[in-house]
Amino acid sequence: MAGVPESVLKKQATQAKIAEQAKQASYEARQKKRQDKKDAIAAAEKYAAEYKAADEAAIANRRQAKAQGGFYVPAQPKVALVIRIRGTIGVSPKAKKIMQLFRLRQIHNACFVKLNESTIRMLRLIEPYVTYGYPSRSTIEKLILKRGFGKLNKQRIPIADNSVIEEGVGSVGIKCCADLIHEICTVGPHFKEANNFLWPFKLTSPRGGFSNKTKLVHFLEGGEAGNRGEEINKLVKRMI
């Protein structure tokens, strides 16, 4: 181009190169997003079929046991949901330390705990200050979808889309909400990473509230504290 300084030509070439790179990056991001969406839908469908088969197998086993005059004993639960229901006043140092290990630092905080001999013993030590039980699949799903926050760079980030999950635990193969829910429900090989990625749930005071007279009493005695088994699902429904 006659009369155009060389510096201007260089600048135009550089800007054109940057624009081309940005266009290519945008195209690749759109393609990746489209593929991730397909993968998430496929994963959700696969897990739905798996859950359906497991439910049908449990019903079939129950019917078979009844027909033979016996009883069907379902598998022991692998995961518990622990909710803190009391504050810090009068908490023993040992119980306070256990609640810190479970990341239950505030009242109405909740987290998932993998059940084994040591965690069951720890739960019994903090029973006066917490209530816990065995969450259903739908309860786990609602908690993650409605109250789920992830931990990225020590910050509390809302799980608004699957990119947050992929950034946090994508290295272990958990890339979408369906993967995360499945890992927690089934207590898979990467349960620890999935649970550590989830920030402790901040629940509200339950609709209808706790009674002051029964809050300190064990659930089996008509109170609120301690192990409440499957009844935890009703409580979570009131607290979400």
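## Helices and model

Helices here are DSSP runs of H or I with at least four residues, numbered from the N terminus. The model is predicted.

Three such helices, H1 (6-67), H4 (137-147) and H6 (177-186), each supply at least two residues of the lining of the largest pocket.

## Largest pocket

The largest pocket holds about 830 Å³ of space. It is lined by 23 residues, and those closest to its centre are Ala 75, Gln 76, Pro 77, Arg 137 and Cys 185.

With six residues, H1 gives the most to the lining of the largest pocket. By class, this lining consists of 13 nonpolar, four polar and six charged residues.

## Second largest pocket

For the second largest pocket, the volume is about 380 Å³. Its lining comprises 15 residues, of which Asp 36, Lys 37, Asn 162, Ser 163 and Glu 166 are the closest to the centre.

H1 is again the element that gives the most, here with eight residues of the second largest pocket's lining. The class counts for this lining are four nonpolar, two polar and nine charged residues.

## Lining by helix and class

Nonpolar residues number 13 in the lining of the largest pocket, and charged residues number nine in the lining of the second largest pocket.

Terms used:
Residues are numbered from 1 along each chain as its sequence is written. This is a predicted model: local features need pLDDT of at least 70, side-chain atom pairs count only at pLDDT 80 or more; totals for chains, interfaces and linings use all residues. Side-chain values use heavy atoms; hydrogens and water are left out. On a 1 Å grid over the protein atoms alone, a cavity is a set of points where a 1.4 Å probe fits but cannot get out, and a pocket is an open set with protein on both sides within 12 Å along at least five of seven lines; lining residues have an atom within 4 Å of a point. Grid points are joined across faces, edges and corners, and a volume is the space filled by probe spheres set on the points. Ala, Val, Leu, Ile, Met, Phe, Trp, Tyr, Cys and Pro count as nonpolar, Asp, Glu, Lys and Arg as charged, and the others, Gly among them, as polar.
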